[in-house]
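Colleague: I would like to learn how to read a fold step by step, beginning with the sheet and ending with the surroundings of a ligand. Could we work through one example together?

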Amino acid sequence: MSSSKPSSSFSSTMSLTTQAAAGDVADGDMDYDLVDEAAFFGRRKGKRLRAYQAGLIETLLPKLAVDVSKAIDPASLFSKTPARLVLEIGFGGGEHLVTEALRDKDTGFIGCEPFVNGMAKALACIADDDIGNIRLHMGDATDLINRLPDACLDQVYLLYPDPWPKRRQRKRRFVSDAMVEKLARVLKPGGEFRFATDIDDYSGWTLVRVMRSAHFNWPARQSSDWLNPWAGWRSTRYEQKAQREGRPSVYLTFLRS
Ligand SMILES: C[S@@+](CC[C@H](N)C(=O)[O-])C[C@H]1O[C@@H](n2cnc3c(N)ncnc32)[C@H](O)[C@@H]1O
């Protein structure tokens, strides 16, 4: 393990320091209108990090960061080879990632999140609960996925990805035909890709792209299969925001064939 740098696409949007110090907008708020067309990530203003959180970014993150500058050997990431390996893309504040890691200590979890405030929150939970089965990448999940070996993951979570609501912005969505193929490569046969959204158009968008891949099945049979969350579900911050604003969620489970 070694410290990883944010990807160049992320750096071009906004440096981590600037992002963390950016100011007064509620933590986690995203203004999709402020986005520079050339940039990949949206501009997200966060609260200034408290000294403790900044310290965790400096000292704990380098110990847990996955080195994405070279091929990743999943077996070498953890002190004990985990029984299963799970990836969470864009974990926000880490509520779901941390809950899952505490519940299932035999599984190794890799969480990706470019937003420094979210990373700091997750690190605080990891430190408080002395969690040993999480590794992290503060940057674009694509950089990490590209360095994973074939068929190494049991599960991938993509929970409430940035919606990019405007038609001209949709090419920025995390789910694309190319990404579906990348996920197919790193998932084991029978592995799961779990996707949740509160954006109607994004559930249809994802269904179309995953179902036109030759590598996935969608075993849902009735509406309860996509309207109910997964067993033991820990609601995320964005899901709670969606609920407050009256948007129901959809939960899609795709199986790698
Ligand atoms: C709408 S938020 C949802 C956060 C969290 N999953 C939740 O449900 O509360 C989307 C998250 O994805 C992260 N994100 C966006 N693009 C990403 C990428 N390419 N790789 C990893 N994370 C990304 C954002 O920083 C943001 O925290």
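Colleague: In what order do the strands form the sheet, and is the pairing parallel, antiparallel or mixed?

Modeller: Please keep in mind that this is a predicted model. A sheet is read from one side to the other, and here 7 strands form an open sheet in the order β3-β2-β1-β4-β5-β7-β6, with mixed pairing. The edges are β3, residues 134-137, and β6, residues 216-217, each of which pairs on one side only. The chain as a whole has 11 helices besides its 7 strands.

Colleague: How many bridges join β4 to β5, and in which sense do these strands run?

Modeller: Strand β4, residues 153-159, and strand β5, residues 187-197, run parallel and are joined by 6 bridges. Within this pair, V156 stands opposite F193 of β5.

Colleague: Why does F193 count as buried?

Modeller: Burial is judged by counting surrounding C-beta atoms, and a residue counts as buried if 20 or more others lie within 10 Å of its own. F193 is buried because 25 other C-beta atoms lie within 10 Å. Leaving aside residues up to four places away in sequence, F193 touches V156, L183, L187, F216 and F254. Over the whole chain of 257 residues, 38% count as buried.

Colleague: Which strands does helix α9 lie across?

Modeller: Helix α9, residues 200-211, lies across β5, β6 and β7, and runs at about 10 degrees to β7, which spans residues 250-256.

Colleague: What share of the contacts in the chain between residues at least 6 apart in sequence joins residues at least 24 apart?

Modeller: Of those contacts, 79% join residues at least 24 apart in sequence.

Colleague: Turning to the ligand, how many residues surround it, and which are the closest?

Modeller: The shell around the ligand consists of 22 residues, of which G90, G92, Y160, T236 and Y238 are the closest. By class, this shell has 12 nonpolar, 5 polar and 5 charged residues.

Colleague: Which helices each supply at least two residues of that shell?

Modeller: Both α7, residues 141-147, and α11, residues 237-244, supply at least two residues each, and the largest share, 3 residues, comes from α11.

Note on methods:
Residues numbered from 1 in each chain as written. Predicted model: local features only at pLDDT ≥ 70, side-chain atom pairs only at ≥ 80, totals over all residues. Pairing = 2+ DSSP bridges. Helix = DSSP H or I, 4+ residues; strand = E, 2+ residues; numbered from the N terminus. Contact = placed C-beta atoms within 7 Å. Axes fitted to C-alpha atoms, helices over the stretch in contact; angles between N-to-C directions. Buried ≥ 20, exposed ≤ 12 C-beta atoms within 10 Å, placed from the backbone. Near = placed C-beta within 6 Å. Nonpolar A, V, L, I, M, F, W, Y, C, P; charged D, E, K, R; others polar.
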